[in-house]
Amino acid sequence: MSKTILILPGDGIGPEIVTEAVKVLAALRDDFGLAIEFDEALVGGAAIDATGGPLPDATLDLARQADAILLGAVGGPKWEPLDISIRPEKGLLGLRSELNLFANLRPAILYPQLAGASSLKADLVAGLDIMIVRELTGGIYFGQPRGIRELDSGERQGFNTLVYSESEIDRIARVAFDIARKRGSRVCSVDKANVLETTELWREVVTAIGADFPDVELTHMYVDNAAMQLVKWPKQFDVMVTTNMFGDILSDCAAMLTGSIGMLPSASLDDRGKGMYEPIHGSAPDIAGTGTANPLATILSVAMMLRYSLDEAAMAERIESAVDRVLDNGLRTADIMSDGMTEVSCDAMGDAVVSALS
Ligand code: IPM
Ligand code: MG
């Protein structure tokens, strides 16, 4: 039976990069027998312009029905003046929370062809392969109460709440340990247990779950130190598991170690493996429409989709090898361009990956 993939192009470079990723999926369907169908819907600023809100009911319905979701990116300066409660980002956060996509996997892998693009010395990043497991539907992003209130003095005060229940920590910890078993068997849990009670509990629960995984080595690190260690000696990490906000910050940092944020995919999964797949970069409004965006993170997100939601590991490998071959052939979008390489557009990069599939 064919699987339905919901395409959510979003804003900025979103539609451009998603077009290339859909080309790759369509080629797998037409030439390699992948049984899929596409649906498409609006999210983010595009949805605000068309319907008044960032996550229309029609989009949410299609997202619930789909077997997997591919998202480009949301947001842009045009919608920044809007109230925070109806900005494009709320579309993304709403999808994560409504679909219960609590496990966000953000691999930071260095392609040897791009070692020179890292801001760190090549020997510090050669062979880098970190998996950040970020909790995605809880913590300070969603905790209540939240808002901006007026104090008796007349001064305004902003407030957000960092909350995690034991079950939320338990389930994300198990995801991290399971993944570690398939890789280097090491988990580093990142918290701020020296200051925040919520993450004191986080550390306690992760430690308890760790007892069920005696074959996986568990360490703990405070988030400030983790940020420092990521730029000092990133190869010490295998799997990192952390809260929603710490994961947001550390994953951008880890991404940059690999040379370009334009290369990194992500998966956001529920407890049955249904997922939303997106590049970890944003909508890059400054380059939207110029044809210079790098579609590889989105194309690699499709590979993650095939592996984690569609049970098509061989197809995923086909995409990953194709990307590898295209880089070997010297093709580069502007963000990863270096001396002696051939600069190509977003569209040409997508075509090159499609050709390299066979
Ligand atoms: C990310 C992004 C989002 C986040 C924004 C766009 C809401 O930065 O996916 O990392 O903060 O989670
Ligand atoms: Mg982020």
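Strand β12 (residues 275–279) is mostly covered, with 5 of its 5 residues buried; buried here is under 20% relative accessible area, exposed is over 50%, and partly exposed lies in between, using a 1.4 Å probe on protein chains only. Strands are DSSP runs of E with at least two residues, helices are runs of H or I with at least four, and both are numbered from the N terminus.

This is a predicted model, where local features need pLDDT of at least 70 and side-chain atom pairs count only at pLDDT 80 or more, while totals for chains, interfaces and linings use all residues. Residues count from 1 along each chain as its sequence is written, and side-chain values use heavy atoms, leaving out hydrogens and water.

So how do the residues of β12 point? G275, Y277 and P279 go one way, M276 and E278 the other. In a regular strand, side chains alternate between the two faces of the sheet.

| Partner of β12 | Bridges | Direction |
|---|---|---|
| β3 (residues 68–73) | 3 bridges | parallel |
| β11 (residues 265–269) | 5 bridges | antiparallel |

The β11–β12 hairpin has 5 residues between the strands, and G273 takes a positive phi near 90 degrees.

Now the cores: a nonpolar core is a set of buried Ala, Val, Leu, Ile, Met, Phe, Trp, Tyr and Cys residues joined through side-chain atoms within 4.5 Å. The largest has 89 residues, with V133, M263, L306, I319 and V323 making the most contacts inside it. Helix α10 (residues 296–308) gives the most to this core, 8 residues. A second, separate core of 16 residues includes I69.

Conventions
Chains lettered and ligands numbered in written order. Pairing = 2+ DSSP bridges.
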